[in-house]
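Below are some notes for a colleague who is meeting this structure for the first time. Please read them with the sequence and the model side by side.

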Amino acid sequence: MFIYLSKKIAIPNNARINCLAWNKEDGYLAVGGEEGLLKVLKLDSGGKSESDDKPKGLAASSNLSMNQTLDGHSEDVRVIMWNELHRKLTSSDESGIIIVWLMYKGTWYEEMINNRKKSTVVGMDWSSDGLKICIVYEDGAVIVGSVDGNRIWGKELKGIHLSGVQWSPDDDNINTYQNGKLERKDVWAMCWASDNPQLLSVMEKTRMYIFKGVHPEEPIACAGYICSFNDLEIQAVLLDEIIEAPEKPNGNHIIKLEVKSLRDTRQLLEKVGITETIQFIEDNPHPRLWKLLGEAALKDLNLTTAESAFVRSRNYSGIQLVKKLQTINGNAIKKAYVEAYLENFEEAERLFIEADRRDLALSLRQTLGDWFRVIQIMKNGVTAPDLLLETAYNSAADYFVHNNNWAAAAEYYELSKNISGLIECHFHLENLDALEKLIDKLPEKDALLKRLSDIFASNAVIGPAVKCLLKIGDAKSAVDLCISHNNWDQAIHLATQYRLPEIANIFKTYSAHLVDQNQLLKAVEVNKQTNFYFTAAVHATKLAQNEINKSNRNLLDIKKLFVYSALLMELSKTKSAEEEVLNSDSDMLLVDSAWRGAEAYHLLILIHEHLYANKIHNATITAFKLQEYCDIIPPQEVYSILALVSCLDNEFGLCSNAFTKLQTLPNITKAEKEAYDKLAVDIFTAQDPVDLKTYTLKCYNCEVPVIDWCTSCSNCNANFPSCMVSGCPLINNVEDKWSCNVCHHVAKSVYANFRKSCPLCHTSIERNSSNYK
Ligand SMILES: [Zn+2]
Ligand SMILES: [Zn+2]
């Protein structure tokens with residue numbers, strides 16, 4: 001830091017200056033001088049005029065932003081003092097007049113005047129909170145007043161010539177000093193002892209002086225900044241060293257210095273003896289010194305001296321120790337307690353063990369919370385309650401937990417059998433195998449099982465998580481967990497095993513999940529297993545629809561799926577779960593439509609079989625029947641195959657009807673229509689649209705002849721059921737039929753005789769043997 005002359009302020013008329021006071025807070029400078037001179041100046045830093053072209057690095061020329069002459073004193077102004085907190089200035093002159101000045105709207109005004117006029121004010125000092133002022137007069141009068149002008153306290157120090165005053169740091173004491181006694185030069189730091197208003201430490205150049213009253217001790221070489229002063233000890237910081245390397249401060253940069261009386265007491269205790277030291281401390285009393293003496297007396301087991309010293313140092317714990325020692329027999333144990341009190345714990349432990357009192361060593365370490373030592377001492381054969389060893393192991397483990405050493409903590413928790421601790425350790429170590437082994441160690445319904453299950457679940461390890469939940473007795477949560485991880489088999493297994501009332505919903509959810517995943521076949525299976533036959537049937541119908549929409553559809557597969565669906569529908573009528581009782585008409589419609597789907601594709605397959613077997617007329621009859629299934633098989637396909645087989649069969653009337661249907665279908669393309677038109681022209685220019693051969697059979701009911709492909713009588717409206725083997729309607733021989741007990745479809749008895757199973761639903765005919773009619 002450089003100090004340079006920044007501004008020279010001239011005082012008019014060459015008036016002599018007596019005193020100066022700088023207001024550090026606001027930057028005001030008060031000047032007092034002869035013949036009532038009092039001025040308040042304020043020096044601007046000049047930082048505002050940045051636009052000026054001044055060379056860099058030079059201080060800006062400063063201006064006086066305030067230069068006010070304060071009129072009020074008529075004699076030499078001797079003392080001026082700022083009250084920075086309350087923005088007041090106090091001035092006093094030779095006659096004893098004191099004026100308090102106050103700043104209002106940028107100008108200083110007289111706030112109050114005190115005119116004691118008996119003697120000259122030689123010193124004034126505001127307390128650090130700015131609420132009290134102490135004024136001392138040359139004649140020995142000391143007055144304390146409040147900031148609002150009231151007198152608080154006063155004293156006449158007779159026969160003493162005072163020259164100054166200063167508040168102690170705690171504002172409770174006032175130090176007055178006589179002229180000339182406390183005049184120091186080159187002081188750059190000072191600090192009052194916080195516990196003793198008589199002690200002041202002062203730094204002068206590279207020496208530290210400690211003042212007791214106004215008497216300095218011999219200086220100590222030191223260049224530290226004083227930061228605290230109490231208990232006869234000064235703490236100083238080597239700021240210069242720290243600033244040299246501010247990023248690397250270390251403990252050596254803080255130094256402790258002892259007041260001479262403390263050093264002397266140590267010396268005396270060490271070199272001379274307790275009795276002589278007592279005398280010295282009597283002359284220089286301080287609690288710290290008595291404590292030092294007390295501790296020295298303890299070491300000698302001089303309990304009487306120790307007790308009185310501790311009493312005088314107000315050291316309660318010391319007094320307690322002395323009381324305790326008085327009840328103990330055996331100096332070795334006493335010494336051990338003293339060492340423990342002096343915080344020489346190793347030595348104390350050694351002494352206890354030497355005196356064969358491991359129990360005391362143990363309780364010492366226990367009190368200190370040194371659990372590792374506790375464990376060690378106990379391993380060396382001290383009998384102590386199991387609980388203590390357990391506490392020791394747990395505390396040691398806790399120590400490692402605190403340091404994130406989970407593996408070491410786990411070892412100690414293992415020793416203390418602390419499962420809760422072990423769970424947290426293995427959790428942090430991500431040791432799921434170890435966690436799994438803990439499940440068996442916990443009793444049923446233990447709260448820790450929940451924590452374990454949460455850990456497993458969060459790691460997606462479902463098996464052990466379920467095991468925990470079941471051990472708690474929470475099968476519902478176990479099932480939920482399985483479901484949330486799509487582990488349906490286990491969910492259903494558990495729900496069934498534990499007879500959870502929610503099982504129906506679980507299946508519903510599962511089946512919906514399977515449908516979402518397009519796993520219809522599995523959905524059918526699941527619903528079937530759980531007696532949700534109707535839902536299973538609906539899904540089976542969807543499967544059939546999916547197969548129909550495939551480009552490489554398999555007719556037999558479609559039929560099988562419809563049959564499967566229909567059989568499930570049949571089961572649902574009698575065996576469905578309670579939750580699934582069919583009642584709506586639309587449900588019943590679905591039951592029927594499942595069989596119709598099976599019939600449609602069965603007949604379509606039959607037509608192909610007849611064609612390949614060259615049974616063309618049978619194909620025609622079956623194709624005629626197929627017209628009833630245009631809601632299941634696309635009409636275009638139905639009429640195409642009818643047109644084909646009837647044409648081959650020379651039944652051009654039927655063929656012409658089929659073409660008419662095809663040509664008038666609403667959804668065909670233009671190209672398709674043109675192709676149908678052309679084909680129709682080709683066929684029907686060569687042939688008249690009439691059936692060339694007609695076979696008739698007599699209606700079993702009214703005996704009127706009907707064409708062999710008719711499915712009902714045009715005369716009596718009798719219905720002719722179709723034989724599922726030949727596809728032909730049973731017109732004249734309806735009594736001669738076999739009926740399937742399962743699907744209720746019929747066949748000509750003669751055909752059924754050659755079969756082992758129902759042609760439509762493939763149920764074994766042996767089981768149906770009683771159904772011949
Ligand atoms: Zn009839
Ligand atoms: Zn059948």
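1. Strand S21, which covers residues 233-237, is joined to S22 by five bridges, and the two strands run antiparallel. Within this pairing, Val237 stands opposite Ile254 of S22. Please keep in mind throughout that the model is predicted.

2. These two strands belong to an open sheet of three strands, whose order is S20-S21-S22 and whose pairing is antiparallel. Strand S20 (225-230) and strand S22 (254-258) stand at the edges, and because each has a single partner strand, one side of each is left without a neighbour in the sheet. From one strand to the next, the twist averages 25°.

3. Another open sheet is formed by four strands in the order S1-S2-S3-S4, and here too the pairing is antiparallel. Its edge strands are S1 (17-22) and S4 (64-69), each of which pairs on one side only. Neighbouring strands of this sheet are turned against each other by 15° on average, if direction is ignored.

4. Ala21 has Ala30, in S2, as its bridge partner.

Conventions:
Residues numbered from 1 in each chain as written. Chains lettered and ligands numbered in written order. Predicted model: local features only at pLDDT ≥ 70, side-chain atom pairs only at ≥ 80, totals over all residues. Heavy atoms only, no water. Pairing = 2+ DSSP bridges. Axes fitted to C-alpha atoms, helices over the stretch in contact; angles between N-to-C directions.
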